[in-house]
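Colleague: Walk me through this model, please. I want each label set against its cut-off.

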Amino acid sequence: MNPLSAHGPTQQDRADFEYALGRAFADPAVRAALAADPAQAARLRALARQRTAEILAVAEPEYLTYSRLRDAAPVGAGPAPEPGERMSGWFGALALVVPIVSGSAAAVFFLLAALIGLSSPHAFTADVLRTAAWSAVAAAVASALIGLLGLLFSAARQRAVSPENPQQAQDLSTARTAWRTALLHRGLIPFLLADLQTAEPGP
């Protein structure tokens with residue numbers, strides 16, 4: 001029975017099939033068989049896609065193992081960035097960039113206030129600058145605290161949603177490699193060579 005007949009191939013399965021198909025055409029035996037008529041490659045590629053179910057069935061044991069491990073993997077596992085990761089980026093900016101900018105502004109205000117305070121007629125301006133400087137300091141401290149708390153919250157949330165399991169990830173990767181290898185060596189290469197031998201003109 002076709003291992004994909006129950007639910008059909010996933011997008012990842014189709015991508016793996018195309019990857020294995022490309023490697024099959026790079027196989028030395030297939031390349032040698034195509035040397036006499038390279039134009040056959042396009043016909044063979046289309047034919048392999050038409051008979052995907054037949055080719056996939058050859059690697060059924062490996063696919064079932066791979067599918068079982070993939071179904072058991074945590075939901076959302078994969079390289080795509082999660083919303084929590086993007087949120088961490090915002091909190092990181094809040095914890096680092098904003099305090100630096102606010103702290104720099106505070107230092108400038110304090111320096112200007114000190115210079116202007118040397119002149120008695122400008123004492124009011126110096127007081128305004130000192131007030132602005134302390135406001136910038138308060139903003140820097142507040143943004144640093146909010147950003148740090150946000151980073152801690154995001155890290156805790158990501159650990160709760162997608163717990164790390166290195167052994168499970170390794171097993172899944174190994175099973176996927178085994179399936180693609182079986183698909184290549186037991187499915188696609190024999191299929192292509194058999195068709196090419198059948199298409200050879202007689203003496």
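Modeller: Helices (H or I, at least four residues) and strands (E, at least two) are DSSP runs, numbered from the N terminus. By that rule, the chain reads α-α-α-α-α-α-α-α along the sequence. The totals are eight helices and zero strands. This is a predicted model: local features need pLDDT of at least 70, side-chain atom pairs count only at pLDDT 80 or more, and totals for chains, interfaces and linings use all residues. Residues are numbered from 1 along each chain as its sequence is written, and side-chain values use heavy atoms, with hydrogens and water left out.

Colleague: What makes Asp 195 and Arg 43 a salt bridge?

Modeller: A salt bridge is a side-chain nitrogen of Lys or Arg within 4 Å of a carboxyl oxygen of Asp or Glu. For Asp 195 and Arg 43, the N to O distance is 2.6 Å. That is within 4 Å, so the label holds. The pair links distant parts of the chain: Asp 195 sits in helix 8 (residues 166-199) and Arg 43 in helix 3 (residues 40-50), 152 residues apart.

Colleague: Why is Asp 195 called buried?

Modeller: Buried means under 20% relative accessible area, exposed means over 50%, and partly exposed is in between (1.4 Å probe, protein chains only). Asp 195 has 17%, so Asp 195 is buried. Over the chain, buried residues make up 27% of the 203 residues.

Colleague: How many salt bridges does the structure hold?

Modeller: Seven. Among them is Arg 186 with Glu 62, whose closest N and O atoms are 2.9 Å apart. Arg 186 lies in helix 8 and Glu 62 in helix 5 (residues 60-72), so this pair ties together parts 124 residues apart in sequence. Arg 186 has 39% relative accessible area, so Arg 186 is partly exposed. Glu 62, at 22%, also counts as partly exposed. Another bridge joins Arg 51 and Glu 54, at 3.0 Å between the closest N and O atoms. Arg 51 is partly exposed at 34%, and Glu 54 is partly exposed at 43%. Asp 16, Arg 176 and Arg 180 are linked in a network of salt bridges.

Colleague: What does the side chain of Asp 13 make with the side chain of Arg 70?

Modeller: A polar contact, at 3.0 Å. The term means a pair of N or O atoms within 3.5 Å; within protein, one must be able to donate a hydrogen and the other to accept it, and residues adjacent in sequence count only if both atoms are side-chain atoms. A polar atom of the Asp 13 side chain also lies 3.0 Å from the backbone nitrogen of Thr 10. Asp 13 lies in helix 1 (residues 11-26). At 2% relative accessibility, Asp 13 counts as buried.

Colleague: Which residues make the nonpolar surface patch?

Modeller: Val 108, Leu 111, Leu 112 and Leu 115, over about 360 Å². Patches are made of residues with over 30% relative accessible area and no salt bridge: like charges are joined within 9 Å, nonpolar side chains (Val, Leu, Ile, Met, Phe, Trp, Tyr) within 5 Å. Leu 112, in helix 6 (residues 83-116), is partly exposed at 36%.

Methods
Accessible areas come from the Shrake-Rupley method with a 1.4 Å probe; for residues, only the protein chains shown count as cover.
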